[in-house]
Amino acid sequence: EEERELTTEERETLDGCKLLQSMIHDLDTNSSTGQIRSFAAYEEDLYTKIVPLIHDTFEELDDESADLLQKFFQAHGNAVRHSIAKTTRQLLRVGNYDIDDDVSLQEYALQYLWEQECSDGPAKGPLIDKVVVGCPQAEHVIEAVKIADKVDK
């Protein structure tokens, strides 16, 4: 079967898809090699590089394509969170911090903070007595309260 020549719009869409594929590959590489050490850094790349490039590359996205991209980046963000947690856990272990596999990083960080003691000087005792925890979602508040209850016991 004879191939037809692509229209200008089809060629631009194909070029845009290749560019998007390349960017996603770079994101995956940065995430899997541990180059992205925080979700904030990932979001910074996403919002300052990738989203503007998508906006500039595609004149307009139909609702189905936009919805598909949104679902992809939600799933990709979850994968990045997992990768960052895995890298952080490995770095803690290399630094001789004893962290159990069944303890979340959040729980470990809070426990670590609450266990710090001031051993010299006029103020002996706990180094801190309060921790302010950022909780962007309701389930984070519940999780933080559960962790605090464990530490208090």
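Trainee: Val132 lies in the loop between β2 (125-126) and α5 (138-152). Is Val132 buried, exposed or partly exposed?

Mentor: Keep in mind that this is a predicted model, where local features need pLDDT of at least 70 and side-chain atom pairs count only at pLDDT 80 or more, while totals for chains, interfaces and linings use all residues. Residues are numbered from 1 along each chain as its sequence is written, and side-chain values use heavy atoms, with hydrogens and water left out. The cut-offs for relative accessible area are under 20% for buried, over 50% for exposed and in between for partly exposed (1.4 Å probe, protein chains only). Val132 comes out at 83%, so it counts as exposed.

Trainee: How far apart in space are Val132 and Leu27, C-alpha to C-alpha?

Mentor: Along the sequence, 105 residues separate Val132 from Leu27. In space, their C-alpha atoms are separated by 31 Å.

Trainee: Are α1 and α2 roughly parallel or roughly antiparallel?

Mentor: Two packed helices are described by the angle and the distance between their axes. The lines are fitted to C-alpha atoms, for helices over the stretch in contact, and angles run from 0 to 180 degrees between N-to-C directions; under 35 degrees is roughly parallel, over 145 roughly antiparallel, 65 to 115 roughly perpendicular and the rest oblique. For α1 and α2, the axes come within 10 Å and cross at roughly 175°. That is why the pair counts as roughly antiparallel.

Trainee: How many nonpolar residues are in the contact of α1 with α2?

Mentor: From α1, Gly16, Leu19, Leu20, Met23 and Leu27 take part, and from α2, Tyr42, Ile50, Leu53, Ile54 and Thr57. Ala, Val, Leu, Ile, Met, Phe, Trp, Tyr, Cys and Pro count as nonpolar, Asp, Glu, Lys and Arg as charged, and the others, Gly among them, as polar. The contact has no charged and 2 polar residues, and the nonpolar count is 8.

Trainee: Moving to the loop between α1 and α2, what is the relative accessible area of Ile36?

Mentor: Ile36 sits in that loop. Leaving aside neighbours within four places in sequence, Ile36 is in contact with Leu27, Asn30, Ser31, Ala41, Tyr42 and Ile84. Ile36 is buried, at 5%.

Trainee: Which residues touch Thr87, leaving out those up to four places away in sequence?

Mentor: Thr87 belongs to helix α3. With a relative accessible area of 14%, Thr87 is buried. Its contacts are Gly34 and Arg37.

Trainee: How far apart are the closest N and O atoms of Arg4 and Glu10?

Mentor: The structure holds 4 salt bridges, each a side-chain nitrogen of Lys or Arg within 4 Å of a carboxyl oxygen of Asp or Glu. Arg4 is exposed at 56% relative accessibility, whereas Glu10 is partly exposed at 28%. In their salt bridge, the closest N and O atoms are separated by 2.7 Å.

Trainee: What is the N to O distance between Asp67 and Lys71?

Mentor: Both residues lie in helix α3, 4 residues apart, about one turn of the helix. Asp67 is partly exposed, with 35% relative accessibility. The side chains meet in a salt bridge, N to O at 3.3 Å.

Trainee: And which residue does Arg93 meet in a salt bridge?

Mentor: Arg93 is partly exposed at 38% relative accessibility. The N to O distance is 2.4 Å, and the partner is Asp101.

Technical notes:
Helices (H or I, at least four residues) and strands (E, at least two) are DSSP runs, numbered from the N terminus. Contact means heavy atoms within 4.5 Å.
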